[in-house]
Amino acid sequence: MITKNRGKEDKLFLDTADKDEIVKLSNFDWIKGVTTNPTLIRYVHKKRQSLIDEIEQEFDDKKLFVQVQGRSYKEMEEDFFYLLEVTSKTTGLKVPTTENGLELIQKIKNEHPERTVLATIVYSVEQGYLAGLVGCDWIAPYVNRMENQNINPYKIVQDIHQLYHVQNLSTKIMGASFKNQAQIRQTLLSGADTVTVPPIIIKSMMNNVLAEESLKVFQQHAQEEEI
Ligand code: G3P
């Protein structure tokens, strides 16, 4: 049962580290910001730090999320301290939803409450629940990766949504890991507050093939009329 209706404020995010795409698509007010991870950054052959600097410079009213690196608590904490130094206060932190990650999230929320935290790599309702208990602002359920493992991501999103409601937890759900438009639609209809979407899928949403065909015919007729 879907009970929340937060409206336009949640907008949507770009899931990319491609600066050109970010600059181009950021003209749209409904793009709220950008989420990155080590894989996306590797893909554009850039150093994390230079990418952070470039994107922070571009962003005024939009939000960047950068992922904390490491697996052990010590590694994650060290990287968090580093990110505290080199990122703007408005830049959000993505933290893996593991035992060590949850411990770090607790520390961030206790000692740096001004920092927005997105708990990432969520594959289960239980991870979503714990991220909610620890006070995360957002969680990112990995939709396509769940489907690849024969897990129904929409049931997971729906259950987390419902659990947050009955437990009165204010954490929001940002669906992530998408390969097509249908996954995005189903995730939102399952109760996700927003989604983070690769630019290629946003473009396919804006450039519907049938609409393009109709437009071509209208354009032909408009030109014929001018003759
Ligand atoms: O935001 C999470 C996302 O980048 C993971 O996506 O396509 O690697 O499963 P993917």
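Colleague: Is Lys19 buried, partly exposed or exposed?

Modeller: This is a predicted model, where local features need pLDDT of at least 70, side-chain atom pairs count only at pLDDT 80 or more, and totals for chains, interfaces and linings use all residues. Residues are numbered from 1 along each chain as its sequence is written, and side-chain values use heavy atoms, with hydrogens and water left out. Buried means under 20% relative accessible area, exposed over 50%, partly exposed in between (1.4 Å probe, protein chains only). Lys19 has 24% relative accessibility, so Lys19 counts as partly exposed.

Colleague: With which residue does Lys19 form a salt bridge?

Modeller: A salt bridge is a side-chain nitrogen of Lys or Arg within 4 Å of a carboxyl oxygen of Asp or Glu. Here the closest N and O atoms are 3.8 Å apart, and the partner of Lys19 is Glu58.

Colleague: How many residues apart in sequence are the parts that Glu21 and Lys203 tie together?

Modeller: The side chains of Glu21 and Lys203 meet in a salt bridge at 2.7 Å, N to O. Helices are DSSP runs of H or I with at least four residues, numbered from the N terminus. Glu21 lies in helix H1 and Lys203 in helix H10 (residues 199-206), so the separation is 182 residues.

Colleague: Which residue is linked with Glu21 and Lys203 in a network of salt bridges?

Modeller: Glu21 is buried, at 18% relative accessibility. Lys203 is partly exposed, at 27%. The network joins both to Lys24.

Notes. Helices (H or I, at least four residues) and strands (E, at least two) are DSSP runs, numbered from the N terminus.
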